[in-house]
Amino acid sequence: MVQNIVIAGGKVSFDYILTTPACPLKGVMEQEATAALKKIPGVTEVAIKMTASVKTDPRLANVMPAGVRNIIAVGSGKGGVGKSTVACNLAVSLALDGARVGLMDADIYGPNQPQMLGIKDYEPRPGPDNKLAPPEAHGVRLMSMGFLMDPDAPVIWRGPMLHGAITQFLKDVKWGELDYLVVDLPPGTGDVQLTLCQSVPLMGAVIVTTPQSIALSDVRKAVSMFKKLNVPLLGIIENMSEFICPHCRKPSEIFSHGGAKTLAAKYGIDVLGSIPLDPAVCDTGENGRPICAAHPDSAPAKAFRDVARKVAAKVSIQAAQSKPLEIVLTSKK
């Protein structure tokens, strides 16, 4: 992780290369390295350049266009838990930390990401190679069915058509160099989820829930689905954990408490964080400026940034353990 060391008199400088620009311990590691060097006799100045090189999931070779390093799914077994809001702010948070990020809106029936990122009027046109170039907003490249259809027209598709759309979004979009491709899944455990999990290797899935038990009962199905499809679970995000009054700014619990912790304990996965329910999150999403970009010092934005760094750390660990897909050829005797 330490490269390009230069010693000039009492000054020591080098590059400190992390596995993700969103490393949650970046500041701590820089401070500890500086303190350790200053204990050495003769060292009077330390200059550290904190940088990152995100490891590529080796299983993506020959499966995805070159340049996409890791794919993260954001899902939930239930609608209305704020999954799309979480996916959007997760992507924006990673981009704010310096990562190259794409967001694939796989919620074919209700594509909301164009509005949330403020680019709903974009009209994609295929290039000479018949591939689409995704627009970019807030440092995130986006592809969504919302760009391709009348916003008032219903999507009445069967499984094969859904399969085709997801496959094209994955492989016929010019994603370019991406450290992370975040996929916003629709609610439930249907055709879109199966297509994604069976078409490309996922570095992991993030589960979104709200605290009440009626939401958790559906979310358990999503957890079980990812486990059956051998997709690693990066953790659970508890959205709308408490309500923040816009006038006095005091928090109030409006749902039952501790549901995410109970679910995490049952399945042996981590709670990545809790996102408070704040009217500003809704307002900024509707106006095309995610809370992390519009109000970076707000409680929800800080919670999203913290969660995103934990997700990035989990992905780094998974990437270190991941091995290339092996193709086994058998012959009939």
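**Ground rules.** I worked on a predicted model, in which local features need pLDDT of at least 70 and side-chain atom pairs count only at pLDDT 80 or more, while totals for chains, interfaces and linings use all residues. Residues are numbered from 1 along each chain as its sequence is written, and side-chain values use heavy atoms, with hydrogens and water left out.

**Entry 1, the three-stranded sheet.** I took helices (H or I, at least four residues) and strands (E, at least two) as DSSP runs numbered from the N terminus, and I called two strands paired if DSSP finds at least two bridges between them. I looked up the sheet with the strand order β1-β2-β3 and found it open, with mixed pairing. The edges are held by β1 (2-8) and β3 (45-52), each with a single partner strand, so one side of each is left without a neighbour in the sheet. From one strand to the next the twist averages 10°, where axes are lines fitted to C-alpha atoms, for helices over the stretch in contact, and angles run from 0 to 180 degrees between N-to-C directions. Helix α1 (residues 26-38) packs on this sheet and touches β2 and β3, its direction making about 150° with that of β3; contact here means heavy atoms within 4.5 Å.

I then followed β1 into strand β2 (residues 11-18), with which it pairs in the antiparallel sense over five bridges. Along this pairing Gln-3 stands opposite Asp-15 in β2, and Ala-8 stands opposite Lys-11. The two strands form a hairpin with two residues between them, and Gly-9 in the turn has a positive phi of about 65°. For burial I used relative accessible area, with buried under 20%, exposed over 50% and partly exposed in between (1.4 Å probe, protein chains only).

Most residues other than glycine have a negative phi. I noted Asn-4, whose phi is near 55°, and placed this residue in strand β1; with a relative accessible area of 52%, Asn-4 is exposed. I also noted Asn-230, which has a positive phi of about 60° although it is not a glycine. Asn-230 lies in the loop between α6 (213-228) and β10 (233-244), and at 68% relative accessibility it counts as exposed.

I asked how many residues of strand β5 (residues 101-105) are buried. Five of the five are, so β5 is largely enclosed by the rest of the structure. In a regular strand the side chains alternate between the two faces of the sheet. Both faces of β5 are covered, with Val-101, Leu-103 and Asp-105 buried on one side and Gly-102 and Met-104 buried on the other. Five bridges join β5 to strand β7 (residues 140-144) in a parallel run, and the bridge partner of Asp-105 in β7 is Ser-144. With strand β8 (residues 180-184), β5 also pairs in the parallel sense over five bridges, and there Gly-102 has Leu-181 as its bridge partner.

I looked up how helix α2 (residues 83-96) and helix α10 (residues 299-321) pack, and found an angle of about 75° with the axes 9 Å apart. The two are therefore roughly perpendicular to each other, on a scale where angles under 35 degrees count as roughly parallel, over 145 as roughly antiparallel, 65 to 115 as roughly perpendicular and the rest as oblique. The contact is made by Thr-85, Val-86, Asn-89, Leu-90, Ser-93, Leu-94 and Leu-96 of α2 and by Phe-304, Arg-305, Ala-308, Val-311 and Ala-312 of α10. I then took Arg-305 by itself: this residue of α10 is buried, with a relative accessible area of 16%. Not counting residues up to four places away in sequence, Arg-305 touches Ser-93, Leu-96, Asp-97 and Cys-292.

I searched for disulfides, each a pair of cysteine sulfur atoms within 2.5 Å, and the count came to zero. The sulfur of Cys-23 is 18 Å from the closest cysteine sulfur, in Cys-292, too far for a bond. Cys-23 is buried, with a relative accessible area of 16%, whereas Cys-248 is partly exposed at 44%.
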